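Please examine the chain shown below. The report that follows describes its end region first and then its overall build.

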Amino acid sequence: MLNDILRATQKNQENAILFLQMLIQTPSPSGEERKAARITAKEMKASGFDEVAVDRLNDVMGTIKGVGGGRSILFNGHLDHVPPGKMDEPYSAKLMNGSAFGVEGEVVYGRAASDNKGALAAMVMAGKIIKDLGIQLKGDFKVAAVSLEEVGGAGTQATIEESGFTADLVVIGEATENRVALGHRGGVGVDIVVKGMSCHASAPERGINALYKAAEIISRIRSGLIPRLPDHPIYGRTSISITQISVKPDTSNVVPEECSFHIDCRNSPDYSIIALVEDLEELIASMKEADPELDADVVTPKRRGTMRGFNGFYTDPEEYSIVQEVKEAVSEALGQETETKLWTFRTDGNYYAWKGTPVVGFGPAEERFSHTNLDHVRVKEYLESIKVYAWLACKICGVKG
Ligand SMILES: [Zn+2]
């Protein structure tokens, strides 16, 4: 049967590339997924999916019903993408030689090629191949093409909470270069708000410049806190980046009375948001001893769930034997041993993992090209991922006859 899948992928190659190009040619920044959702739903129906539903957020949920008696599998890919920025012809979806990006073979270029339309198109094409070959899966084959991933994951959450669209195994399509990912660090963000006293910029001695105070805190975070962030045996190193800064009033000739900056922290379970806040408060307290004028507070986000100790996940092979089955199926489809890895960035996988569902990652494209002006997916990797998704579904869901 694997050979049938390989042949069918080959035969469907042109069609698969066209579908991917059509998706890329349809801009779908977060919140504007409607048109791309329509195209995806239409392709699912044309490919023979038994049920295709679109919810209020333009999440598309397609199902190929199993005949019964098998485990279900759900592939999750996102429709939305980050803005194209200064990309050249971001929605051209042109086929070009990968040498322009230092990679081998042909690539499809364009915004979202690597994140996440390559994987999403492959998921739908895998369903088509299963249908074309008349394979009768025992468990359900599901594809969730979700919205709003790049802005927090409301799409995936709606498919789970409002439509109950889940399965026995979830595969997230974020870029893994066709290796198996088992999780990622958590991500938390806090702000530091520094208060000063404004005055005319021509007489700075009359005020307290909040920006100068903030700069001192930033420099202490870099020299004192960042070097001692913990290393975790599974998740790796906790990181901190200071990403945004703003002043009030935002006026060129006034010494600012307030300055806020944002701290992005990617963490492991042993460095929760609580530990981060404690460290920052301690750092500010120690600075206050030397500078009684310093007035700074750590502000945590009010969003639901953000005070959860840890929002990453790890699907431990020791706990979930299905991980071994996934590795075997992927290795068989690719014809070579596959490795496991962790993503550097976050995904929507945690929303399923928190429910106790095993989640693995597998997607064409390289992490390092996501969100960059060099956004592309290699054709070879894209086609391989179609084979892998189809074969993985056969192995996990089981096949009748
Ligand atoms: Zn993504």
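## The end of helix 10

Helix 10 is followed by G398, which has a positive phi, near 85°. Helices here are DSSP runs of H or I with at least four residues, strands are runs of E with at least two, and both are numbered from the N terminus. The model is predicted: local features need pLDDT of at least 70 and side-chain atom pairs count only at pLDDT 80 or more, while totals for chains, interfaces and linings use all residues. Residues are numbered from 1 along each chain as its sequence is written, and side-chain values use heavy atoms, with hydrogens and water left out.

Helix 10 covers residues 379-397, and its 19 residues reach 27 Å from the first C-alpha to the last. This span is close to the 27 Å expected at 1.5 Å a residue, where the expected value is 1.5 Å times one less than the number of residues. Because 17 of its 19 residues are buried, helix 10 is largely enclosed by the rest of the structure. Buried means under 20% relative accessible area, computed with a 1.4 Å probe and protein chains only.

## The whole chain

The secondary structure of the chain comprises ten helices and 18 strands. Its C-alpha atoms fill a box of roughly 80 × 45 × 40 Å along the principal axes. Further values for the chain are tabulated here.

| Property of the chain | Value |
|---|---|
| Buried residues | 55% of the 401 residues |
| Contacts (heavy atoms within 4.5 Å) between residues at least 6 apart in sequence that join residues at least 24 apart | 79% |

Key. Buried means under 20% relative accessible area, exposed over 50%, partly exposed in between (1.4 Å probe, protein chains only).
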